[in-house]
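Look at the structure below before reading the notes. They are grouped by topic.

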Amino acid sequence: MNMKKLIALLLSILMVLGVFAGCASQSAPAASTDKQEEAAAPAASEEAAAPAEESATEEAASSGDKVVKIGVFEPLTGDSAAGGKQEVLGMQYANSKVPTVEIGGETYKVELVYADNETKADKAVSAASNLVAQGVSIVLGTYGSRQAIAASETFKEAGIPAMGVTCTNPQITEGNSHYFRICFTDPFQGPVLASLAKDEFNADKVYCLSENGDDYGAGLVNYFKEKANELGIEVIEDVFPSQNADFTSYMNNAKKEGVKAIFAPVSISYAQLIIDQATAQGVNVPILGSDTWDTNTIFEVAKGKDIDIYVSTFYQEGANPEFEKGIKEWINADSKNLENNGGNDMLSAVTVMGYDAYMVALEAIKAAGSTDPAAVMAALPGVTYEGISGHIEFNETGDANRDSAYIKSVNTETGAWDFVKVQKAS
């Protein structure tokens with residue numbers, strides 16, 4: 001029996017004993033009582049991206065409705081704010097479609113509780129503490145592996161399960177029983193992109209560029225290199241300092257080395273700069289981006305430029321027309337939603353993943369039959385769900401079993417993604 005399932009079994013046994021002891025409480029788990037007393041007011045940055053649902057608890061309390069809280073742990077500001085907001089859109093749309101859940105024969109309203117981690121590891125801890133203090137039953141997020149790793153211990157100490165949506169670094173789920181994930185991981189994604197470089201571009205030399213100190217980028221480059229070595233690809237590796245805005249020298253280094261492709265697993269804000277400056281320096285080799293590049297904001301920079309961009313991602317628009325019609329109507333009906341989606345209704349894969357994460361969380365809450373985080377954590381290993389992004393079930397590490405990625409390229413003329421292929425690591 002794997003670790004997460006074993007711990008889930010032990011938690012279930014403890015819950016049963018707790019019921020007989022008369023000390024269990026569905027709505028206020030003892031594990032987080034002391035944290036709740038230390039609750040602080042939400043940061044102003046959270047209010048900018050969070051919708052009117054924040055008042056759901058007060059409304060429910062006045063009407064006598066029961067409420068279950070789902071924490072939304074995402075970057076609403078900072079370098080990854082564009083991706084974080086798009087991921088949240090998927091959760092919000094799911095909440096609009098399924099705003100209640102049946103728990104023990106009673107109907108509970110589902111409230112999304114927001115905490116902005118600001119795309120920073122140090123801010124991630126305080127954002128996580130905010131969610132703990134507000135008594136959430138499960139946490140969704142985050143967009144960004146560094147913030148997930150930084151906040152993990154906070155969720156662990158509080159006994160609250162967390163579920164990564166598109167954070168792909170393996171450290172997030174390894175060696176613990178509280179963090180799960182519904183997306184593929186970097187040990188898979190890195191080799192997928194190395195295989196793409198060989199299969200599509202016959203690359204024998206690739207330039208890899210990542211941000212210094214970024215666990216996500218460093219991990220992906222490492223897994224890319226491992227597969228590249230197997231495939232006979234020489235890798236030239238470089239790192240840039242945080243807050244860097246000038247990539248001219250890095251693009252010139254890539255040209256000087258005579259590489260056949262560039263791999264840059266970086267945040268959206270850096271990706272935009274790299275596209276701009278690669279074009280300015282006349283870089284004429286394909287640029288490979290990881291899942292962070294899968295956003296319509298990339299087109300604002302790439303459109304009209306002579307550049308080839310390929311990304312690996314979790315979903316390709318067009319795969320589920322009925323779902324896409326509904327969410328696009330929802331986005332277009334609200335100016336704030338449209339703004340958070342980058343100003344248009346192009347559907348990002350992270351939005352689809354946010355939708356699926358919310359639905360998986362509901363399945364876990366229903367299976368637990370309780371709002372108690374310990375019960376939800378115990379139920380998660382056994383949850384399966386047919387999502388918009390595909391079948392979701394968890395392996396012994398708490399990761400979803402994913403074996404393929406969508407590869408798509410930027411059409412710089414039409415301003416849209418062109419589907420390339422479904423790529424496996426092998």
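Helices (H or I, at least four residues) and strands (E, at least two) are DSSP runs, numbered from the N terminus. This is a predicted model, in which local features need pLDDT of at least 70 and side-chain atom pairs count only at pLDDT 80 or more, while totals for chains, interfaces and linings use all residues. Residues are numbered from 1 along each chain as its sequence is written, and side-chain values use heavy atoms, with hydrogens and water left out.

**His178**

- His178 lies in the loop between β5 (162–164) and β6 (179–181).
- His178 counts as buried because its relative accessibility is 3%; buried means under 20% relative accessible area, exposed over 50%, and partly exposed in between (1.4 Å probe, protein chains only).
- The side chains of His178 and Ser152 make a polar contact (2.8 Å). A polar contact is a pair of N or O atoms within 3.5 Å; within protein, one must be able to donate a hydrogen and the other to accept it, and residues adjacent in sequence count only if both atoms are side-chain atoms.

**The open sheet**

- An open sheet is formed by 6 strands in the order β2-β3-β1-β4-β5-β6, with mixed pairing; two strands pair if DSSP finds at least two bridges between them.
- β2 (100–103) and β6 stand at the edges with a single partner strand each, so one side of each has no neighbour in the sheet.
- Strands β1 (residues 66–74) and β4 (residues 138–140) run parallel and are joined by 3 bridges.
- Ile70 stands opposite Ile138 in β4.
- Helix α7 (residues 145–158) packs on the sheet and touches β1, β4, β5 and β6; contact means heavy atoms within 4.5 Å.

**Helices α6 and α7**

- Helix α6 (residues 121–133) packs with α7 at an angle of about 35 degrees, and their axes are 8 Å apart. Axes are lines fitted to C-alpha atoms, for helices over the stretch in contact, and angles run from 0 to 180 degrees between N-to-C directions.
- Residues making the contact include Ala124 and Ala128 of α6, and Ala151 and Phe155 of α7.

**Helix α10**

- The buried residues of helix α10 (residues 248–257) are Tyr250, Met251 and Ala254.
- They sit on the same side of α10 because they cover an arc of only 100 degrees around the axis; the arc is that of the directions from the helix axis to the C-beta atoms.
- These buried residues of α10 pack against β7 (205–211), β8 (234–240), β9 (261–263) and α11 (268–280).
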